Amino acid sequence: MATGTETTTRARLRWGLLDVLVVVFALVPVLWIASLSFKTPATITDGNFIPQEWTLDNYRTIFDTDQFVRALINSIGIALIATLIAVVLGAMAAYAISRLDFPGKGLLVGVSLLIAMFPQVSLVSPLFEIERQLGLFDTWPGLILPYITFALPLAIYTLSAFFKQIPWDLEKAAKMDGATQGQAFRRVIAPLAAPGLFTTAILVFIFCWNDFLFAISLTSTERSRTVPAALSFFTGASQFEDPTGAICAAAVVITVPIILFVLFFQRRIVSGLTSGAVKG
Amino acid sequence: MADIVLDKVSKKFPDGTVAVQDVDLEIADGEFVILVGPSGCGKSTTLNMIAGLEDISSGELRIGGQRVNDKAPRDRDIAMVFQSYALYPNMTVRENMAFPLRLAKLDKETINSKVDEAAKVLELTSLLDRKPANLSGGQRQRVAMGRAIVRQPKAFLMDEPLSNLDAKLRVQMRTVVSRLQKQLGTTTVYVTHDQTEAMTLGDRVVIMRGGAVQQVGPPQELYDHPRNLFVAGFIGSPSMNFLHAAVQDGSLRTALGDVPLGDRIRRELEAADAPRELILGIRPEHFEDAELVDEDTRRRGLEFEAPVEIVESMGSDKYVYFTVEGERASAAELEELAADAGASDFSGAGSNLVTRLSAESAVAEGQSRRVWFNLEKIHLFDPTNGRNLTLHEGRAAGALAD
Ligand SMILES: Nc1ncnc2c1ncn2[C@@H]1O[C@H](COP(=O)(O)OP(=O)(O)O)[C@@H](O)[C@H]1O
Ligand SMILES: [Mg+2]
């Protein structure tokens, strides 16, 4: 008995250490960026983890420049629109896939899987050419379209896992109880699918929000440049200032919403991601 | 309340499966009808067609005299209880039961009073604010029933509503269903694959096999006068014994001895196309320990001697299992029934006999015993088409009938 508890304590210690290591490895860069964003230009290279002189100047700077505010608006707008469209289309496709047997169903699922697997880098040049020809280059739709394309497989997969969990019988029961097809969907299926829709929306939003590759390749001006792309063009308050502090502040600003999102809806997301795999 | 009429109703699925074939059935107003048969025989499909959840491929369905083939489920005013109960997990028991009433746009007070009333009938009052996830299987089942009865529909359809309950609860709920149906007097179609449920619940039982109706009638009639081998083997527990019988010189050679034949059967067997081999069927209760049979009764039957294999004493009587030598009865129906019962791999060469003898019988395992059986109660089946040859104008007359 004594040896038993001893081994579990030791095992727990070992796992605890490993966990700490992983967390530190993942968090230190984030904390470092946060720390840099609070430093003054003079102390930014001093190598101290904790800023010697705290300042909010970097934040003031980025919100004063049009560059960043404009990029933030682009980011939010593009990600929201792409998410909305992807979730609505994905919900319809997923509902059909989980409920109906139609010719070409296997093909549809296969193609969407293929798109999800496709290396995005290899599509950047053709997309660039196509969008320039069509006049979509450096516009919101020019980013929204590829985002929807790559987010749809993700949306279809998570959502069809959700719809498959909702028993067919519920819909039949609703119809027997006097509901129309629409009422059955709105009053029985939709409330049950809500967590799934929500999870999917968050995942798609994060995917759009974080994208750098398309954002840098398919935009050229502030008109449609999103924050991840805008960061690389950052110049500070004046041309001659070192922009490191400002870049860090901007990075923190776009990271914080995601962290809050995930912390806040963590349980939802996790249950959403696993509910397709594990019954119950 | 309404009668339900199925007129040559068939169902062919897009993949070519014919699940239901020319079903004719008239269900009277207020009647309790059971659809029973092995799994896959088309019971659920039939029920779903009545409900409107499946399209009818051909034939006509009338409810209350009106053709409803093309009506949506909600326009048929029928309630259904599903095997899975299909309770809405996001709603409380009260909301579940109120759902059909809210869709019917009744006012709040009426809804509440109707739900309370139904809850009282089913003893659900204390559970009204719970979610289905926090209910036991039996309680969920009752909520599903409650949701069906609350809006007083024209008919109830139930698809194996008790099969997810454990054996004890199932027996208990059986009486609840039965009492409820009598109390409400609503036309009910009830699907089950359990012949005991079918025998105990319904006014009339419809036995289905491979999408076709085999026989329709009150339970006792199906038990006493089965029209064919399938019905005979499906109804009854333990089921009827089947033995191979060869027609020879106006009598039957069987493993239990030579069975004499009455004039009527003999005439029938003299026809040119009559079968030369038959299947003899006899129910366990038509055997008796030969020592306990009086002279009068003895003359109406035959005796044989066989080694006793197993004795199960039930208190009121004894189930005694014998093995008899001779060819095993074989027919497509019997194989199907055995497969459905999960006993497709019989072992041994001879046939097994199940008999129900009086409790006073001194029978013991391992010894040989003389057993009498009643010739007036045996059935003879044509193995090629399963027809019951002893049936005369719908009555089984035994082997000796003139
Ligand atoms: N949607 C469907 N498509 C094709 N065949 C089906 C479908 N639903 C049921 N079947 C077939 O129809 C037959 C009857 O099914 P069902 O009515 O569910 O049987 P039961 O309820 O008596 O067990 C079965 O052979 C089944 O495989
Ligand atoms: Mg079924």
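Good morning. Leaving aside its neighbours within four places in sequence, P228(A) is in contact with S75(A), W209(A), N210(A), D211(A), F212(A) and I254(A), where contact means heavy atoms within 4.5 Å. The model in which this residue sits is a predicted one: local features need pLDDT of at least 70, side-chain atom pairs count only at pLDDT 80 or more, and totals for chains, interfaces and linings use all residues. Residues are numbered from 1 along each chain as its sequence is written, chains are lettered from A and ligands numbered from 1 in the order in which they are written, and side-chain values use heavy atoms, with hydrogens and water left out.

Let me stay with that proline for a moment. P228(A) belongs to helix α10 of chain A, residues 227–231. Helices (H or I, at least four residues) and strands (E, at least two) are DSSP runs, numbered from the N terminus. Is P228(A) buried or exposed? P228(A) counts as buried because its relative accessibility is 12%; buried means under 20% relative accessible area, exposed over 50%, and partly exposed in between, with a 1.4 Å probe and protein chains only. From C-alpha to C-alpha, P228(A) lies 16 Å from I259(A), a residue 31 places away in sequence.

I turn now to chain A as a whole. Chain A contains 11 helices and zero strands. Its radius of gyration is 24 Å, whereas a compact globule of 280 residues would have a value near 19 Å. That radius is taken over C-alpha atoms, and the globule rule is 2.2 Å times the number of residues to the power 0.38. The C-alpha trace of chain A spans about 75 × 75 × 35 Å along its principal axes. Of the 280 residues in chain A, 41% are buried. Among the contacts of chain A with a separation of 6 or more, 74% join residues 24 or more positions apart. The accessible surface of chain A is about 15600 Å², and carbon and sulfur atoms hold 71% of this surface. Accessible areas come from the Shrake-Rupley method with a 1.4 Å probe, and for residues only the protein chains shown count as cover. Chain A carries 19 positive and 18 negative side chains, with the centres of the two sets 14 Å apart. Here Lys and Arg count as positive and Asp and Glu as negative, while His and the chain ends are not counted; the place of a charge is taken as NZ of Lys, CZ of Arg, CG of Asp or CD of Glu.

Next comes chain B. Chain B has 11 helices and 22 strands, and its C-alpha trace spans about 75 × 45 × 40 Å along the principal axes. Buried residues form 52% of the 402 residues in chain B. The accessible surface of chain B is about 17900 Å², with 45% belonging to carbon and sulfur atoms. There are 47 positive and 61 negative side chains in chain B, and the centres of these two sets are 8 Å apart.

How do the two chains meet? In all, 16 residues of chain A are in contact with 22 residues of chain B. The area buried between the chains is about 1700 Å², and carbon and sulfur atoms give 64% of that area. R74(B), Y88(B) and L103(B) supply 32% of the area that chain B buries against chain A, more than any other three residues. Buried area is the accessible area (1.4 Å probe) that two parts lose on being put together, summed over both.

L103(B) leads us to helix α2 of chain B, residues 93–103, in which eight of the 11 residues are buried. Those buried residues include M97(B), F99(B), L101(B) and L103(B). Which helices do the buried residues of α2(B) pack against? They pack against α7 (168–176) and α8 (181–210) of chain A, together with α3 (108–121) and α4 (137–149) of chain B. After α2(B) comes K105(B), with a positive phi near 65°.

K8(B), in strand β1 (residues 4–12), has a positive phi of about 50° although it is not a glycine. K8(B) counts as partly exposed because its relative accessibility is 45%. Q152(B), in the loop between α4 and β7 (155–159), has a positive phi near 45° and is likewise a residue other than glycine. Q152(B) counts as exposed, at 57% relative accessibility. Finally, the peptide bond from S237(B) to P238(B) is cis, with omega near -5°, and P238(B) is found in the loop between α8 (229–234) and β11 (241–248) of chain B. Thank you.
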